[in-house]
Amino acid sequence: MENKNKNSRRKFLKESGTAALGFMIVPRYCVAGSGMLAPSDRVNLAFVGVGGKGKSALRNLASQNIVALCDVDRVQAREGFEAHPDAKKFTDFRRMFDEVANEIDAVVVSTPDHTHAVIGLAAMELDKHLYLEKPMAHNIAEVRALTEAAVAKPNLVTQMGNQGASGDGIRRFKELYDAGMIGTVDKVYAWTNRPIWPQGNPIPTESQEVPSHLNWNLWQGPAQARAYNEAFHPFSWRGYWDYGTGALGDMGCHLIDSPFYTLDLGYPIWAEASVSQVYSQDWEADYTPESCPPASKVHLMFPATEQREAVELVWMDGGIVPRRPDELAPDEDMGSWGGGVLMVGSEGKLMCDVYGANPRLLPLSRNEQDELPDPYLPRVETTHEMDWINGIVNNYQPSSHFAKAGPLTEAILMGNLAIRSYNYRVPTPDDPNSRYKLPGRTKLYWDSDNMRVTNVEIANQFVSRAYRSGW
């Protein structure tokens, strides 16, 4: 018999939707309305990942009680370690949890994508509030596990690190749509200039000497063991499927969040992709299944609901952008440097930049001439990280809690299923040493309840991953 609690969690996730959950924002009860907590309300924090993105999280939460810091790279962590000399220092997060679990209230995770889930789930198992950088996890199965853990433990306050979720822009974007300013929407475009790191090349196989300041074994975590190469660490890991989730995984949470929340998109029913690759005139050398592509275009279809029509979301990266709207003048920006979002409605168009910033109707003259709705959604009066802290202290779920961020991340990673399947080759039935390509641009039909592609079985290998022994 199937577990009833698991069934109830699935039902909750499916039926509640992001609109019903909303942002779950309640008034902030802060010192003098400043967004700062009283000293007695400081939260005891442990950090996993102190270099890279972890630096900004540590700075934005410096007002809290920093109990412990963990990083596999002492050079990357040096700034954070020196800024908090009284914090206990660790290399292995498991040892840190063993030693300080009784001293901490919450955990901040700012590691590469492939270790998000193992660290995050371990923290939640210890009943620690959790801040987890985007994307929530490396694959759909891990995201669903984190989401269900959050639903099963509603006392835990969770937040994914897509900072635009706490901005004014995403709220104004929704207010303009809800006021009927663009009518019925059935098409959404989102695009980014990423990747700004190498993608599409064969995965490095050269074995280089591991720097003395880096624990390479711990950095790899649950991923398969590979020889150290500077191409992976500290930055370009995003371009390899073992560790990263490519341009879509990196920027999708920042861009797709605005239309996802505004339209209550939920889980897609199919995905389709086309991708570019690096060509060397060597057919075998050009086959790089371990590497994310230099550019991709993804179509995600979301089913109709009682509140709206079916919506097709088109994602583009690597320099691909939608056709420029007729309503934009030649000297007017289309999105921003990092990308943008365009919602096409029956009565107009609505655009915003990365993080949901600068939402505006097209043509831009409408923003001055039309009667625009008054703001009604509560605003976050502090940083994204401090919104999470305030949620812990005042017992509310912040802007990107896991029940909201989970379906968003799953939809994004569904796009990656289509990207990874596009050029994937499998052995021919009569000759296991030869390979043939899957039929290229094929729709992958998605059963969200069971987390399975129903029409291309080979694609299901990317829904989860095999963990390295010991993880």
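In which kind of crossing does α9 pass α13, left-handed or right-handed? The points below take this up.

1. This is a predicted model, in which local features need pLDDT of at least 70, side-chain atom pairs count only at pLDDT 80 or more, and totals for chains, interfaces and linings use all residues. Residues are numbered from 1 along each chain as its sequence is written, and side-chain values use heavy atoms, with hydrogens and water left out.

2. Helix α9 covers residues 246-255 and helix α13 residues 402-422; helices (H or I, at least four residues) and strands (E, at least two) are DSSP runs, numbered from the N terminus. The two helices pack at about 150°, with axes 10 Å apart. Axes are lines fitted to C-alpha atoms, for helices over the stretch in contact, and angles run from 0 to 180 degrees between N-to-C directions. α9 and α13 are therefore roughly antiparallel (an angle over 145 degrees).

3. The crossing of α9 past α13 is right-handed: the near helix is turned clockwise from the far one by less than a right angle.

4. From α9, L248, G249, G252 and C253 meet L408, T409, I412, G415, N416 and I419 of α13; contact means heavy atoms within 4.5 Å.

5. An open sheet is formed by six strands in the order β3-β2-β1-β4-β5-β6, with parallel pairing (two strands pair if DSSP finds at least two bridges between them). Its edge strands are β3 (88-90) and β6 (158-160). Strand β5 (residues 129-132) is joined to β6 by three bridges, and Y131 stands opposite Q159 in β6.

6. α13 also packs on this sheet, where α13 touches β5 and β6. The direction of α13 makes about 35° with that of β6.

Methods. Parallel < 35°, antiparallel > 145°, perpendicular 65-115°, else oblique.
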